[in-house]
Amino acid sequence: GGEKMSFVLWVAYKRALDNNPLLTKSITSGVLNALGDQIAQQLEGKKTKDIVRTAKFAGFGALISSPILHYYYGFIEKLFEGQTGAKTTLMKLFIDQVLFTPIFYVVYYIYMGIVDGTLDEVEDKIKNKLVPVWIDSMKVWVIAQGINFSLVPVDLRVLFGNMVALGWNTYFMYKQSIEDGK
């Protein structure tokens, strides 16, 4: 039944991850970003789904977010190679939440400005939205990344992050849409 199918899918995913990690992570991220946006649109009560918006968000996951995170997690592991424990996890969290996350959101706003044709609005979005979004994100991502850095194998960290991001991105896209009146 369902357990056997889940196991087969997991084995296939792990094989794809071993054979082509970046492509596998990118496809997974794109699909989950698209799903998160579709859920957000459902929560917004949209009668007609905005497929272009969904494609933009999926594109961010597949083309920008996933490759960045793939290399970022590898970099963090090399930086703390051979180090484990609570102190190491806290240092990784500091780097992640204080240094990496704000830059990641700036990249997101620039990407969306490019694909939306609103690059002229990016500076204002960064000024007005970056800090509130960053603070909101810490409510989810400090715990999630603490788990990710301390318990999840490196090759599965993007997947774990994508699973958490399904909920976060749904909330984020819903909130952005309401704020932007889209």
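This is a predicted model: local features need pLDDT of at least 70, side-chain atom pairs count only at pLDDT 80 or more; totals for chains, interfaces and linings use all residues.

Visitor: How many helices and strands does the chain have?

Guide: Helices (H or I, at least four residues) and strands (E, at least two) are DSSP runs, numbered from the N terminus. Here the secondary structure comes to 6 helices and 0 strands, and the pattern along the sequence is α-α-α-α-α-α.

Visitor: What radius of gyration does the chain have, and what would a compact globule have?

Guide: The radius of gyration is taken over C-alpha atoms, and the globule rule is 2.2 Å times the number of residues to the power 0.38. For 182 residues that rule gives a value near 16 Å, and the 17 Å of the chain agrees with it. The C-alpha trace spans about 45 × 45 × 25 Å along its principal axes.

Visitor: What percentage of the residues is buried?

Guide: Buried means under 20% relative accessible area, exposed over 50%, and partly exposed in between (1.4 Å probe, protein chains only). Of the 182 residues, 43% count as buried. As for the surface, accessible areas come from the Shrake-Rupley method with a 1.4 Å probe; for residues, only the protein chains shown count as cover. The chain exposes about 10,100 Å², with 69% of it supplied by carbon and sulfur atoms.

Visitor: Which share of the contacts joins residues at least 24 apart?

Guide: Contact means heavy atoms within 4.5 Å. Among contacts between residues at least 6 apart in sequence, 72% join residues at least 24 apart.

Visitor: At what angle do the axes of H1 and H2 cross?

Guide: Two packed helices are described by the angle between their axes and the distance between the axes. Axes are lines fitted to C-alpha atoms, for helices over the stretch in contact, and angles run from 0 to 180 degrees between N-to-C directions. The axes of H1 (residues 2-19) and H2 (residues 21-43) cross at roughly 130° and come within 5 Å. The two helices are therefore oblique to each other; angles under 35 degrees count as roughly parallel, over 145 as roughly antiparallel, 65 to 115 as roughly perpendicular and the rest as oblique.

Visitor: Which residues of H1 and H2 meet?

Guide: From H1, Tyr13, Ala16, Leu17, Asp18 and Asn19 meet Pro21, Thr24, Lys25 and Thr28 of H2. The residues of this contact divide into 4 nonpolar, 3 polar and 2 charged. In this scheme Ala, Val, Leu, Ile, Met, Phe, Trp, Tyr, Cys and Pro count as nonpolar, Asp, Glu, Lys and Arg as charged, and the others, Gly among them, as polar.

Visitor: Is Ser26 buried or exposed, and what does Ser26 touch?

Guide: Ser26, in helix H2, has 9% relative accessibility and so counts as buried. Not counting residues up to four places away in sequence, Ser26 touches Gly61, Ala62, Ser66 and Pro67.

Visitor: Where is Ile39 found, and with which residues is Ile39 in contact?

Guide: Ile39 is found in helix H2 and is partly exposed, with a relative accessible area of 34%. Leaving aside neighbours within four places in sequence, Ile39 is in contact with Leu166 and Thr170.

Visitor: Is Lys125 buried or exposed?

Guide: Lys125, in helix H5 (residues 119-151), is buried, with a relative accessible area of 17%. Lys125 touches Tyr109, Leu130 and Asp180, not counting residues up to four places away in sequence.

How values were computed. Residues are numbered from 1 along each chain as its sequence is written. Side-chain values use heavy atoms; hydrogens and water are left out.
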